[in-house]
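Morning, everyone. I'll keep this brisk. Please have the structure open while I talk.

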Protein chains: 2
Amino acid sequence: MRAGPSQEEIRRHNLGALLRHVHLSGPTSRAELTSRMGLNRSTIMALTADLTTAGLVREELPRETGRAGRPSLVVRPESARVYVFALDVGVDRLVAARVGLGGTILDRRETVRRRGPFSLEEVAGPLAGFVRQMHRKTRPDTVCVGAAAAFSGGVARQDGVVRFGPNMGSVDVPFGEEMSRRLGLGLPVAVGNDANLAAMAEHLRGVGAGCRDLVYLHGDVGVGGGVIVNGTLLGGHQGFGGEVGHMVVNPDGRPCGCGSHGCLEAEVGERALLEAAGRFGPQVGRDAVRAVVAAADRGDIVAQAALNRVGDWLGLGVANLVNVFNPEMVVFGGMLREIYLGSAAQVRSRLTVDALGPAREHLRLRTSALGDDATLVGAAELAFTQVLADPLEVLARAGS
Amino acid sequence: MRAGPSQEEIRRHNLGALLRHVHLSGPTSRAELTSRMGLNRSTIMALTADLTTAGLVREELPRETGRAGRPSLVVRPESARVYVFALDVGVDRLVAARVGLGGTILDRRETVRRRGPFSLEEVAGPLAGFVRQMHRKTRPDTVCVGAAAAFSGGVARQDGVVRFGPNMGSVDVPFGEEMSRRLGLGLPVAVGNDANLAAMAEHLRGVGAGCRDLVYLHGDVGVGGGVIVNGTLLGGHQGFGGEVGHMVVNPDGRPCGCGSHGCLEAEVGERALLEAAGRFGPQVGRDAVRAVVAAADRGDIVAQAALNRVGDWLGLGVANLVNVFNPEMVVFGGMLREIYLGSAAQVRSRLTVDALGPAREHLRLRTSALGDDATLVGAAELAFTQVLADPLEVLARAGS
C-alpha cells in the first residue's frame, strides 16, 4: 500500500514520462506532448527545459511537414549523445551494439558463436572486446547511461544470474556481474531472458506496439517466450515466467533437453523440423530451417509433411496460450517466423479446434517486425530503464 | 502515459488506501496505519476523520490486548452498516449473501441448482428473491455500496456479458444488466468468472495472502482457473484470460465440452474421475468425488487407480502452468481440493519431471483456505471495488 507521491516525485515521474515518450515515439511537438501527457503547456515547457539543459533532448524545427505556416518546434531525443550498450548472447551468435536514446543503433559488432557447452570466457571475452572497440570510437561529449544483455537462458530477476539454458543444462552464471567487471565502465550490466526482451521490444517498437496483451514466441535452437500482460512483461515469482517452450503439448512425444517429453520446444524446435524433413545433420541453424520451408514451397512432399507436423504442434501450443492468456496478438519471432510462414494454415486450423471461440475472435497472428534484432533491441530497452525512470539522477551519475 | 495526480486525487487515493487496509486487515491502530502507509500521523488522523464522518469506519478501543498500559484506539470498518450483495452462480448451486465492509458475511441464502442448460429465469429469479429478502431485513441506517456476481462461465470484461459456460455452450447473456434490473437497488451488478474471483479471494483473504504470483485452479463440473500476476488478476484482452481448464494436456485424450480433446478439464474434471472409478451415474457432484477419495483411502484399488490417473494429468497441467507463470503458489480449490489431497504424490512426481527446476524450487502447492466460499468472497471483493477506489464519492451516491 503506497502513499501519495511528493511534488518532487511527481516532477521526476513527469520528466521520465516525457523522455520515454520521445524515446519511443520520436520527435514530438510540445503541443502533442501537452495533449498526450495531460499536462498543461507551462509544465511541458519546464520539463523540456530541464531535459534540454541535461542534454537529453533538444528542440528543433521538424523535418518538412508539407503544411503551410510556421512549423512548431519538436522535442527530439539526443540520440547521438546519450546511449547504452546492448549485448545479445544467442545460441549461434554474439552481438554488441551501441544504441542511442530513441532506439537508433549507432554502432554494432557481431560474431558467429559455435554451438556447444557454455563457457563464460568464450562469450564474455568477445563481447567485452566489441564494447571496448565501440567505446573508443565515441566522441568525448557522449554519455553512456546503461548496459544490458539478452541471454538465451533462464535469468533470475533478483540477481541477474543465469540459471539454465539450451545446451547448458542447469548452471549458475553471474553473467551480468562478470560483464560489468570486464566492461570497466562503472556500470552494472542488467541481464534478461532473450525471448522476454524480444517480447518487450515487439511490444514497444515492433508489430505489437499499442497492444497490451501479447504472447511472443521465439525460436532459436530452443523455443522461448515472452508474455506481455496488460502492458507489463510477465516475470513470475523469480523472473522465470514465460518459458512456454517447456509447456508439454505431447506427453508421448519427443524427448526434450529439459528432461521431459513432448515440450513445445521438442515438437516445434529446429531439430524437430529438420529430423521430420530428413535433413538433420551437420547443417543446422536458420539457413537449414529456411531450406526446408523453401523446399516445401517448391512442392517437396517430405518437407511439406515436416512443416505440417510442426505447424500442428505449434498451433496446439498457441491454442493453449490463447486459452490461458486471451492475448490480442501472438507474434512469431526468430526461427519460428519462418516456420509459421510455412505452416500458417495448419496453425490456424488447430486454433479453430483447440482455442475457445470468444478468446480467439479478436486474435491477430503476426510475425516479428524487428526480426533478428528483436532480442538486441529488447536488451537496449532494458539498458534504458534507469534513465527513463529518473533521467536527471542517472545522467548526473553517468556524467560524474 | 499519465501525468502526476492532483492534491485532490492524492487525497482520494489515500482515503481508498486506508479504507482498503482496514477492509482487508481488520481493525488497525493509527500508529500501524502511519507506518504501513508511509504517511505522517496528522494525515492519517485527517483521513480517518473523513472516513469516520462518512460512516465508513469508526475508532474504538481494541479487544483485550493482554498488555499493560492504556491501549491505543483502533480504526475498524463499519461492517454492520456498509455492505454489498455478492452472488454466486455455480453449476450445482445458487448463493446470495450480504457482506459487510471488512468481509464479514452478514446474511446468506443458498439453493440447489439442477444441472442442465442455462436459463436466465431459473437463475436470476431465485437470486433476486434472496436479495430482496435480505434487503428487507436491513436496518434503515445501513447502506449498500455495490453488487457483483461470480459466474461459472466466460465473462467479457467490457460489458459483463457471459459468453460461454459449461453445459451452456456459446451464449450471450447480459447477466449483470438483467440482475441489476431485477434487484431494483439502482446499482449495477458487476459479473466475473467464478475461478477468477476465487483466485482474487484467495490472494486477498485466503491461503495466498501476501503472495503476488499465484495460480488458482478451480474444479466444479469443469475446471477453471484464475491467475494473479504481480498482484493483479490476469484478464487478457477481453477478460477471458485464465481458462486453464482448456489447455490441452493430452491431444489423444478424452473429448471435452469445448469441442477439443484432452483439455485439462476433460482429463481431471469430475466426470473423468468418476468414469475412471467406474462410478459415473446419477450420483455426481462433490459428494460423488469425495466418495472416490474416501474409497481410495480405504484401499479400493479401482478408486486409487482413478485418482492416480487424474493426479497424473493434474500434475502435468500444473507443471505447464509453473513453466509458463513461475508462480510462488498453486492453489487447488473447489472439487480439485479433494482430488489434489487424494493424489498429491502423483501431482508432485509429475512436477519433478515436467517443470523446470529453477521455476519450481520455491513453489508451494496449497489447498483453498476459503473452500466453497472462495467464489462468493471473490464476488464480494468485486462489489467493493468502487467504494475502495473512491470511498466518499460512492458513499455520497449510495446515500442519496
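**A walk through the two-chain model**

I start with A:Ser29, which touches A:Ser72, A:Leu73 and A:Val74, leaving out residues up to four places away in sequence. Contact here means heavy atoms within 4.5 Å.

Some ground rules. This is a predicted model, where local features need pLDDT of at least 70, side-chain atom pairs count only at pLDDT 80 or more, and totals for chains, interfaces and linings use all residues. Residues are numbered from 1 along each chain as its sequence is written, chains are lettered from A and ligands numbered from 1 in the order in which they are written, and side-chain values use heavy atoms, with hydrogens and water left out.

Back to A:Ser29. It lies in strand E1 of chain A. Strands (E, at least two residues) and helices (H or I, at least four) are DSSP runs, numbered from the N terminus. Is A:Ser29 buried or exposed? A:Ser29 is buried, at a relative accessible area of 13%. The cut-offs: buried is under 20% relative accessible area, exposed is over 50%, and partly exposed is in between, with a 1.4 Å probe and protein chains only.

Now the sheet around that strand. In chain A, three strands form an open sheet, ordered E1-E3-E2, with antiparallel pairing. E1 (28-29) and E2 (57-60) of chain A are the edge strands, each with a single partner, so one side of each has no neighbour in the sheet. Pairing requires at least two bridges found by DSSP between the strands. E2(A) and E3 (residues 74-77) of chain A are joined by four bridges. In one of them, A:Arg58 has A:Arg76 of E3(A) as its bridge partner. Helix H3 (residues 41-53) of chain A packs on this sheet and touches E2 and E3 of chain A. Its direction makes about 115° with that of E2(A). For such angles, axes are lines fitted to C-alpha atoms, for helices over the stretch in contact, and values run from 0 to 180 degrees between N-to-C directions.

Next, another open sheet in chain A. This one has five strands, in the order E14-E13-E12-E15-E16, with mixed pairing. E14 (232-233) and E16 (364-367) of chain A are the edges, each pairing on one side only. E13 (residues 223-229) of chain A pairs with E14(A) in the antiparallel sense, over two bridges. There, A:Val229 stands opposite A:Thr232.

What lies across this sheet? H10(A) lies across E12 (214-219), E13, E15 (329-334) and E16 of chain A, running at about 150° to E12(A). A:Gly317 is in H10 of chain A. A:Gly317 counts as buried, at 0% relative accessibility. Leaving aside neighbours within four places in sequence, A:Gly317 contacts A:Met247, A:Val249 and A:Leu264. A:Asn320 is also in H10, residues 301-325 of chain A. A:Asn320 is buried as well, at 0%. Not counting residues up to four places away, A:Asn320 touches A:Met247 and A:Val249, along with B:His246, B:Met247 and B:Val248.

That brings in the second chain. Two copies of a chain are related by a rotation about an axis and a shift along it. Here, chain B can be laid on chain A by a turn of 180° and a shift of 0.0 Å along the axis, with an RMSD of 0.0 Å. That is the relation of a two-fold axis. In chain B, the C-alpha nearest the axis belongs to B:Val249, at 3.0 Å. The superposition is least squares, on C-alpha atoms of residues with pLDDT of at least 70 in both copies. And 100% of the interface residues of chain B are also interface residues in chain A, so the copies meet through the same surface.

Last, two asparagines in chain B. B:Asn230 has a positive phi of about 50°, although it is not a glycine. B:Asn230 sits in the loop between E13 (223-229) and E14 (232-233) of chain B. B:Asn230 counts as partly exposed, at 44% relative accessibility. B:Asn326 also has a positive phi, about 45°, and is not a glycine. B:Asn326 lies in the loop between H10 (301-325) and E15 (329-334) of chain B. Buried or exposed? B:Asn326 is buried, with a relative accessible area of 0%.

Thanks. I'll stop there.
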